[in-house]
Amino acid sequence: MAVLSVSRRTVTRSVRALGVVTASAALALGAAGNAAACNINEFSAEATCDGDKGVITVTDVDPAGVPATVTVFLQNNGADIEKVGEQVVKGSKEGTTITFEEDWKPNAEYRIHVTAKPYVDEDIKPNLVTPSTPCKEDEETPSPEPTPSEETSAPAEESEEPTPAPSESTSESAPPADTSDNAPSPAGESNLAETGANSNTGMIAGVAAALVAIGGGAVFFGMRRRGANSQR
């Protein structure tokens, strides 16, 4: 009977020890399984270009393929100002990538949150900062063509230049103006010319009177001769 009781005690202790070992192994395997199932370190984000448009890509390398919800937020001064989008991704050992169409600006900041319950519910650290160079360079604005008023302003300015002064040699070589004809005659001479003084007015009047007398005599003589002829 003593031997039987010892054997039972030995078996019981062995079973208990085996149970503790089994439980510990189960907990370890469970923790390892959770760690392998999904982890925030298995997610990465990048800002790239698709032609002239900007995009944000998120890659999940979770080999267990646990579905995870990825949400992208645009931030400013540490606060969310816009929700860009939300997508579900199933990771793979090679990596599964999802794309958010976002025409991002240079040096912009985005917060990317991953939710895969009960394994992950946190942000990708650090926040995503876009490159300093945009996907599409701004085209250079051509300089405006000059207006007609601007084109004609240059000749106007040239015409305002003062004309050269005449040289001294030209002014010296010019002959002096003849002022002898334009000089006024003495007051005495002009008065005599206007009143007829110092002229032959008396003689001319006498000759005219004589001519008048001769003419009258000739007329009278001719009339007498006509009368005599008519009486014959």
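Which residue forms a salt bridge with Asp-123, and how far apart are the closest N and O atoms? Select Asp-123 and Arg-111: they form the salt bridge, with the closest N and O atoms 3.0 Å apart. A salt bridge here is a side-chain nitrogen of Lys or Arg within 4 Å of a carboxyl oxygen of Asp or Glu.

Before going on, note that this is a predicted model, in which local features need pLDDT of at least 70 and side-chain atom pairs count only at pLDDT 80 or more, while totals for chains, interfaces and linings use all residues. Residues are numbered from 1 along each chain as its sequence is written, and side-chain values use heavy atoms, with hydrogens and water left out.

**Stop 1**

Strands are DSSP runs of E with at least two residues, helices are runs of H or I with at least four, and both are numbered from the N terminus.

Is Arg-111 buried or exposed? Arg-111 is buried because its relative accessible area is 16%; buried means under 20%, exposed over 50%, and partly exposed in between (1.4 Å probe, protein chains only). Asp-123 is buried as well, whereas Asp-80 counts as partly exposed at 37%.

**Stop 2: along β4**

Select Lys-83 and Glu-86. They form a salt bridge, with the closest N and O atoms 3.6 Å apart. Glu-86 counts as partly exposed, at 48% relative accessibility. A search of the whole structure finds three salt bridges.

Now show strand β3 (residues 67-76) beside β4. The two run antiparallel and are joined by 10 bridges; strands pair if DSSP finds at least two bridges between them. Select Val-70 to see one example: its bridge partner in β4 is Gln-87. β3 and β4 form a hairpin with two residues between them, and Asn-77 in the turn has a positive phi of about 55°.

**Stop 3: helix α5**

Last, select Met-203, which lies in helix α5 (residues 201-231). Met-203 counts as exposed because its relative accessibility is 55%.
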